[in-house]
Amino acid sequence: MKKIKIPLISLGLSLITGIIVILLIGKNPLTAYQNLLQGSGLLPKPSYAGYKNMFTDFMVFLNTLTPMVFAALSVVVAFKAGLFNIGVSSQMLFAGFIATITIGYSPLNGFIAKPLVIIIGIMAGALLGALIGFLKYKFNINEVVSSIMLNYIVQYTTSFFINTKYIDVVSRQSKNISPDASLTLKNIEIAGLKIDIPLGFVVAIIVVIIIKIIINNTKFGYEIEAVGKNKEASTYAGINVGITLVKAMLLSGALAGLAGVTYYLGLNLSIQPRTLPTIGFDAIAVALFGNLSAIGSFIASFIITIITKGSAYMSSISKVPAEIASIIIALILVFSACGAYIKLKKGAK
Amino acid sequence: MDTIIIDGMSFSLPLLIAAIGCIYCERSGIINLAIEGFMGVGAFSGALAVVLTSNIFPQGGIASFILAMTCAILGATLFSLLHALLCIKFSANQTISGITMNILAIALTTFLTKQINSSLFNKPSAKLELGITQKFTIPYLSEIPIIGAFFQEIYIFNIVIIIVAILAWYFLYYRKFGVYLRACGDNPQAVAACGIDVVKTRMYAIMISGALSGIAGISFAYSIFANFSSNIYVGYGYLSIAALIFGNWKIIPTLFACLIFGFSRSLGYSISSMLELPSTFSDIIMTLPYILTLLLLIFFSKNNKMPKALGEIYDQSKR
């Protein structure tokens, strides 16, 4: 109960601020918020196109949510080890790119292709993450700098290969992957509806539980937290700090890789060259809002995705600018960053 | 050759001034990842001032330039107070606060730009169009072969940045304030024991960082990019942070890091246009500065040390 108090207070305060802003530009805040939920498939819309209803909207919402959950977990694991993984975006892009060119364009059938996509995504992400950890351990290179450099390097190199070999001249994106490799089953007809089924979401739920167990109940998780809290003390306690850092980044990268394949081979079917997915940066915020815990970041991803996903519907229906959504998210973060102060004051009383 | 130097300088210098601001902040013990946000708000305030007064002061003129600069500095400094409030008063985690500032800055400036555009100018765009400030060439000096290019087509911004950078360097290393500030980052308790107000010093450091990032932001907006929108500065804040970590939190090595970024960027562009390579190859060339930096870091970062008390929340009772 104590843990969720501060996130709840910050959510409440920022929603109130949002109401004030929406009132100031002369719109109705209640319909705006209702639209957010309708756009995410949590409340029924007044009308639907053929083959669609609230349930199909909700499945689309889950599809959007999946990469965010993985990306937030990736940030959480790095944070636990005292590392700041600002390279989630490039790890996502790298994993998505490798999986796309190896499996996405292959004629493999779905039962082999889908697990392979996941495995390759994990490996590619882990490789890039571990590289950052290794550079820190071996050469004392600050992880923020190396991740930023890798962000640029991955962004431009993948763009080069996409533009020279895999470009779709019409959409200016990479060619679409084969439907067999996609982690989302698109437009499946069930009971008169066309439903997107995000298989990645099932994986996400399993991974959230695994990460929670790793952090709370294993020696490795304990070592990561010890290193994150105090490197000297961990060394005295016999923990190999360098190796732990590399392992933590490996795990963080693997999770980012999962985010990458669910984003590029699930939510989307192609890669836009020269663009890092913004999810990688938003995930930092989501992880912080989720108290840097596994379950917390799942809930936080859920709430933040309602706001981002619903904002498009909100702006089209009640003409409230979609940017309000990002302001509300930013405010949630500002308020939850003050959480330490609220705790401190309570302690004083 | 000339264009490499001209473009290289006008990209490196804004990076440098933002990095110097960040050095002030981090040497005082406050982690500052909010450079990007400060730059954005600075660029927005400056650009807004230019657009609103373009009837009175023609765009690109001296008056408009001074106005843009002042508003950028004021706007960014005001915004940096929010980071100060969170880090100092509310003892927030400084990394978290910095990231939050960036997200808030992008959200706010995009929202406000759109609102202002649609209500004042009746166009639904997320951009404030700006001209380009005057460039000038110094006679005689500019005629020296090769080096002369450093004195050709200089934006006024570059001059301002060089002057401010030298002042900042002098104050950080040779004035009492700079010594206290650096001491705050290594051992705040000792500084407090000497009767100096740690909280105030850190607050000034954050404000300086805001002001300098404001200069950087408006320099990008009002020169090479010639507009304000949220995507003109995204990435450059983190790049200048990379530069200062590369420079081991010292101003002179940071200058070299910024020059590496700026010059390899302009060198890359002109090589690809000289060889008449298809535009896709420019992607490969664009990776050069970053690969180069990583390689250099492998050799030079063994002795990198951050300020000792960086990121620690100052607690008077710990003394």
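A salt bridge is here a side-chain nitrogen of Lys or Arg within 4 Å of a carboxyl oxygen of Asp or Glu, and the legends below apply this rule to a predicted model.

**View 1. A salt bridge between chain B and chain A.** B:Lys114 pairs with A:Glu323 in a salt bridge whose closest N and O atoms lie 2.9 Å apart. Between chain B and chain A the count is 1 salt bridge, while over all chains the count comes to 5 salt bridges. Side chains of opposite charge can pair when their charged atoms come close.

**View 2. The interface of chain B with chain A.** In this interface 43 residues of chain B are in contact with 42 residues of chain A. The size of an interface is often given as the accessible area lost when the parts come together. For chain B and chain A the area buried between them is about 3900 Å², of which 78% falls on carbon and sulfur atoms.

**View 3. Helix α6 of chain A against helix α9 of chain B.** Helix α6 (residues 143–166) of chain A packs on helix α9 (residues 236–246) of chain B at an angle of about 130°, and their axes are 9 Å apart. That angle makes α6(A) oblique to α9(B), and the crossing in which α6(A) passes α9(B) is left-handed. From α6(A), the residues A:Val145, A:Ile148, A:Met149 and A:Tyr152 meet B:Tyr236, B:Tyr238, B:Leu239, B:Ala242 and B:Ile245 of α9(B). Sorted by class, the contact of α6(A) with α9(B) comprises 9 nonpolar residues, with no polar and no charged residues.

**View 4. Helices α3 and α4 of chain B.** Within chain B, helix α3 (residues 62–89) and helix α4 (residues 94–120) pack at an angle of about 150°, their axes being 10 Å apart. Because angles over 145 degrees count as roughly antiparallel, α3(B) is roughly antiparallel to α4(B). On the α3(B) side the contact is made by B:Phe79, B:Leu82, B:His83, B:Leu86 and B:Cys87, and on the α4(B) side by B:Gln94, B:Ser97, B:Gly98, B:Met101, B:Leu104 and B:Ala105. By class, the contact of α3(B) with α4(B) has 7 nonpolar and 4 polar residues, and no charged residues.

**View 5. A salt bridge within chain A.** The side chains of A:Glu225 and A:Lys80 form a salt bridge, with an N to O distance of 3.8 Å. This pair links distant parts of the chain, since A:Glu225 belongs to helix α8 (residues 219–229) of chain A and A:Lys80 to helix α3 (residues 54–80) of chain A, 145 residues apart.

Conventions:
Residues are numbered from 1 along each chain as its sequence is written. Chains are lettered from A and ligands numbered from 1 in the order in which they are written. This is a predicted model: local features need pLDDT of at least 70, side-chain atom pairs count only at pLDDT 80 or more; totals for chains, interfaces and linings use all residues. Side-chain values use heavy atoms; hydrogens and water are left out. Axes are lines fitted to C-alpha atoms, for helices over the stretch in contact, and angles run from 0 to 180 degrees between N-to-C directions. Helices (H or I, at least four residues) and strands (E, at least two) are DSSP runs, numbered from the N terminus. Angles under 35 degrees count as roughly parallel, over 145 as roughly antiparallel, 65 to 115 as roughly perpendicular and the rest as oblique. A crossing is left-handed if the near helix is turned anticlockwise from the far one by less than a right angle, and right-handed if clockwise. Contact means heavy atoms within 4.5 Å. Ala, Val, Leu, Ile, Met, Phe, Trp, Tyr, Cys and Pro count as nonpolar, Asp, Glu, Lys and Arg as charged, and the others, Gly among them, as polar. Buried area is the accessible area (1.4 Å probe) that two parts lose on being put together, summed over both.
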